[in-house]
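Okay, everyone, thanks for coming. Let me put the structure up and then I'll talk you through it.

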Amino acid sequence: MENNTVGYWIWFLIIGGVIGWLAGLITRGHGFGIIGDIVVGIFGAALGGWMAGVLGLYTGSSLGAFLLALVGAVVFVGLTRFIVRHA
């Protein structure tokens, strides 16, 4: 699927929402609301990709990319909670 199609962006937002929701379940026991889940999922995917690059990890599968994004989202939520608590 090309990156400039409407379907791509809808899929991107749905997957971001699922990742954010799962990260919320793991860290809080519930999600962050639809917009919050999407934001957490997108930032988590970026953070997970960055962490994988720093660690020299590479995934060639969609499942691996999904798991990296989920780990990144969980780390993102944890860092956000830590910073808010100590600010």
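I'll go helix by helix, and then stop at a few single residues.

Quick housekeeping: this is a predicted model, so local features need pLDDT of at least 70, side-chain atom pairs count only at pLDDT 80 or more, and totals for chains, interfaces and linings use all residues. Residues are numbered from 1 along each chain as its sequence is written, and side-chain values use heavy atoms, with hydrogens and water left out.

When I say helix, I mean a DSSP run of H or I with at least four residues, numbered from the N terminus. For each one there's an expected span, which is 1.5 Å times one less than its number of residues.

Let's start with α1. Which residues of α1 are buried? They're G16, G17, I19, G20, A23 and G24. Buried here is under 20% relative accessible area, exposed is over 50%, and partly exposed is in between, with a 1.4 Å probe and protein chains only. The cover over those α1 residues includes α2 and α3. After the helix comes G29, with a positive phi near 90°.

V6, I10, W11, I14 and V18 make a nonpolar surface patch of about 490 Å². For a patch, residues need over 30% relative accessible area and no salt bridge, and nonpolar side chains (Val, Leu, Ile, Met, Phe, Trp, Tyr) are joined within 5 Å, like charges within 9 Å. The areas are Shrake-Rupley with a 1.4 Å probe, and for residues only the protein chains shown count as cover. V18 sits in α1, and its relative accessible area of 33% makes it partly exposed.

On to α2. It has 22 residues and reaches 31 Å from first C-alpha to last, close to the expected 32 Å. Its buried residues include D37, V40, G44, L47, G48 and M51, and α1 and α3 are among what covers them. Just after α2, G56 takes a positive phi of about 75°.

A salt bridge needs a Lys or Arg side-chain nitrogen within 4 Å of an Asp or Glu carboxyl oxygen; on charge, Lys and Arg count as positive, Asp and Glu as negative, and His and the chain ends aren't counted. Leaving aside neighbours within four places in sequence, D37 is in contact (heavy atoms within 4.5 Å) with G16, G17, G20, W21, G31 and F32.

Last helix, α3, residues 62–85. Its 24 residues should span 34 Å, and the end C-alpha atoms are 34 Å apart, so that agrees. G64, A69, L70, G72, A73 and V77 are buried in α3, and the buried residues pack against α1 and α2.

Not counting residues up to four places away in sequence, V75 touches L47 and M51. V75 and G48 are 27 residues apart in sequence but 8.3 Å apart in space, C-alpha to C-alpha.

From R85 to A73 is 12 residues in sequence and 18 Å in space, C-alpha to C-alpha.

Technical notes: Helices (H or I, at least four residues) and strands (E, at least two) are DSSP runs, numbered from the N terminus.
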